[in-house]
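Hello,

Here is the structure I promised to pass on to you. My notes on its charged side chains follow below.

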Amino acid sequence: PLTHIKGYIELLVTESLGSITEEQKHALQVSQQSTTRLETLIEDLIMVSLASRGEMSIKQENVDIRRLANLAVKSFGGKATERGVNLHAVIDEDVPFVQADSQKIAWVLGQLLDNGIKFTPSNGSVVVSVRREGENLVIVSVTDTGIGIPGSHLEDIFEPFHQLDSSTTRRYGGTGLGLSLVRQIVEAHGSMLEVQSTEGRGSTFKFPLLAVPASI
């Protein structure tokens, strides 16, 4: 049903913009945005349910993490430009492939970039970093110069539906499930998500992935 509702609203937006009032146009746009948010919430809830039951499947592949990072930056380039945020990647040349589920790590990067851009004021920056650490690890991180997270909330942000306060929800939107899922996906890879943040100065989220042995 939600797919049908979304499709008909998009059709109305496309076909009716020249023949409706500004108030009607606004109502359609709000309906379109709300439907998209509801669709995202349902998808996130399904993932949370699978993760909580230990049913989240991780497909181990040899993944070109450099390519995934560059694709993520390209995908969010338009959103960053709209918000006046400088988005770029810093990737070591000698980074090997990693053992990971490419689809889920791409989703993790997307969530971290979306949050970084969302919570970073105009003229700020969001940087995706991919670097090699020793022979066996690749460190992936997303750093922003955004609003930061109070120290008392650093662990709470990974709880489902947690928001810093009600004004955060009103101003920035979101389901409150993204970071919870990010951590669960990273942990399902046998890794650990680390966050460092200073309120008013920005945040860094990073996690290691196992490098594919050179002999493979």
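Glu135 is exposed, at 61% relative accessibility (exposed means over 50% relative accessible area, buried under 20%, and partly exposed in between, with a 1.4 Å probe and protein chains only). Its salt-bridge partner is Arg132, with the closest N and O atoms 3.6 Å apart; by a salt bridge I mean a side-chain nitrogen of Lys or Arg within 4 Å of a carboxyl oxygen of Asp or Glu. Arg132 is partly exposed, at 28%.

Before going on, a word on the source: this is a predicted model, where local features need pLDDT of at least 70 and side-chain atom pairs count only at pLDDT 80 or more, while totals for chains, interfaces and linings use all residues. Residues are numbered from 1 along each chain as its sequence is written, and side-chain values use heavy atoms, leaving out hydrogens and water.

The structure has six salt bridges. One of them pairs Glu133 with Arg131 at 3.2 Å, N to O. Glu133 is partly exposed at 37%, and Arg131 is partly exposed at 31%.

Another joins the side chains of Lys79 and Asp114, at 2.1 Å from N to O. Lys79 sits in helix α4 (residues 77–83) and Asp114 in helix α5 (residues 102–118), so this pair ties together parts 35 residues apart in sequence. Helices here are DSSP runs (H or I, at least four residues), numbered from the N terminus. Lys79 is partly exposed at 31%, whereas Asp114 is buried at 17%.

Best wishes

How values were computed
Helices (H or I, at least four residues) and strands (E, at least two) are DSSP runs, numbered from the N terminus.
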